[in-house]
Amino acid sequence: MNDNWIRNDLTIGEVAEILDIPAKMLRYWDGIDLLKPHSINEMNGYRYYSSSQFYLLNFIKYLRKLDVPYSTIKARLHDTDFGFLDSLLKEQVEVTDSRIRELNFIRETFLHHISDMENATKIQDLEAVLIKTYPERKIIRLISTINSRLDFELSIGKLEKLIHGNPTLLVSQVGLIMCKEDVQAGRYNTFCGSFVPYGTYTAGERALAILPEGEYATIRFWGSISTSEKYYAMLVDFVKRNNYSVIGDMTRSCLAPGMIQEKHAHLAEISIPVKKQPDEET
């Protein structure tokens with residue numbers, strides 16, 4: 001064959017320029033034993049490539065643009081089976097479809113946060129206790145004693161493991177549950193669980209719980225978890241003064257994350273199910 005077709009003395013710089021592959025990438029491929037140079041000069045340590053390697057170099061470049069893992073390429077690079085590329089591309093279609101679903105989920109999450117923040121600017125009656133009627137709501141709940149920020153962070157990690165797909169949750173996405181007994185006893189620094197709404201996320205039946213339909217005493221305010229105690233007290237005082245009884249656990253959730261307020265506060269809602277007591281006869 002004509003010598004113009006085969007050259008075994010191409011420097012790493014020449015190969016990088018010809019194939020548009022960064023020299024540092026070629027060195028990395030050499031370092032992980034993916035594709036070694038054709039030869040190394042024992043005197044000066046210079047690496048030389050052969051033009052006969054261009055096919056493999058281009059093939060690796062092509063597969064990496066498809067995000068095929070190095071481990072897969074390394075295991076199958078010299079596979080002579082014609083079906084290798086076909087099966088590999090089919091696998092990548094499945095991987096790509098999975099990524100598209102994941103990206104769509106991320107997009108929906110962003111849109112949800114945008115909506116929350118836009119709605120936050122329209123909310124009135126802040127720091128006022130109101131009676132609202134809510135429909136039945138399903139949540140993904142982790143039962144856990146939470147007495148500190150560390151406990152809360154640990155509960156988030158455990159909650160992520162309950163959710164299908166094991167997503168990474170932002171603190172602002174996770175609500176807290178205060179058991180009815182602690183509410184009534186004024187133990188406002190003790191929570192008995194954390195949760196996220198069902199729908200945006202899904203989980204197995206054992207992790208699901210229901211916030212029942214009915215009337216809830218609610219209060220919305222700007223504040224952090226550590227500055228919420230006075231709002232729990234305001235809510236409980238309202239319930240007592242207006243002849244309601246507490247009939248379930250209290251929930252604390254974030255309505256609008258990411259808005260700049262002092263001391264990392266966010267727009268929060270505390271809500272507790274109540275029932276109106278009959279007026280006493282005089």
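**Note on aromatic pairs and a helix crossing**

1. Seven aromatic pairs are found when the whole structure is searched, and it should be kept in mind throughout that this is a predicted model. One of the pairs is that of Y188 and Y232, whose ring centres lie 5.7 Å apart with their planes at 40 degrees, so the pair is tilted.

2. This pair links distant parts of the chain, since Y188 belongs to the loop between helix 7 (180-185) and strand 7 (191-197), while Y232 belongs to helix 8 (residues 229-241), and the two are 44 residues apart. Both Y188 and Y232 are buried, and together with F191 they make up one aromatic cluster.

3. R64 lies over the face of Y70, at 4.1 Å from the ring centre, and R137 lies over the face of Y216, at 4.9 Å from the ring centre.

4. Turning to the helices, the axes of helix 1 (residues 12-19) and helix 3 (residues 54-65) come within 12 Å of each other and cross at roughly 60 degrees, an angle that makes helix 1 oblique to helix 3. The crossing in which helix 1 passes helix 3 is right-handed.

5. As for the residues that bring these two helices into contact, helix 1 contributes V15, I18 and L19, whereas helix 3 contributes F54, L57, N58 and K61.

Terms used: Residues are numbered from 1 along each chain as its sequence is written. This is a predicted model: local features need pLDDT of at least 70, side-chain atom pairs count only at pLDDT 80 or more; totals for chains, interfaces and linings use all residues. Side-chain values use heavy atoms; hydrogens and water are left out. Rings of Phe, Tyr and Trp (its six-membered ring) pair if their centres lie within 6.5 Å; planes under 30 degrees apart count as stacked, over 60 as edge-to-face and the rest as tilted. Helices (H or I, at least four residues) and strands (E, at least two) are DSSP runs, numbered from the N terminus. Buried means under 20% relative accessible area, exposed over 50%, partly exposed in between (1.4 Å probe, protein chains only). A charge sits over a ring if NZ of Lys or CZ of Arg is within 6 Å of the ring centre and within 35 degrees of the ring normal. Axes are lines fitted to C-alpha atoms, for helices over the stretch in contact, and angles run from 0 to 180 degrees between N-to-C directions. Angles under 35 degrees count as roughly parallel, over 145 as roughly antiparallel, 65 to 115 as roughly perpendicular and the rest as oblique. A crossing is left-handed if the near helix is turned anticlockwise from the far one by less than a right angle, and right-handed if clockwise. Contact means heavy atoms within 4.5 Å.
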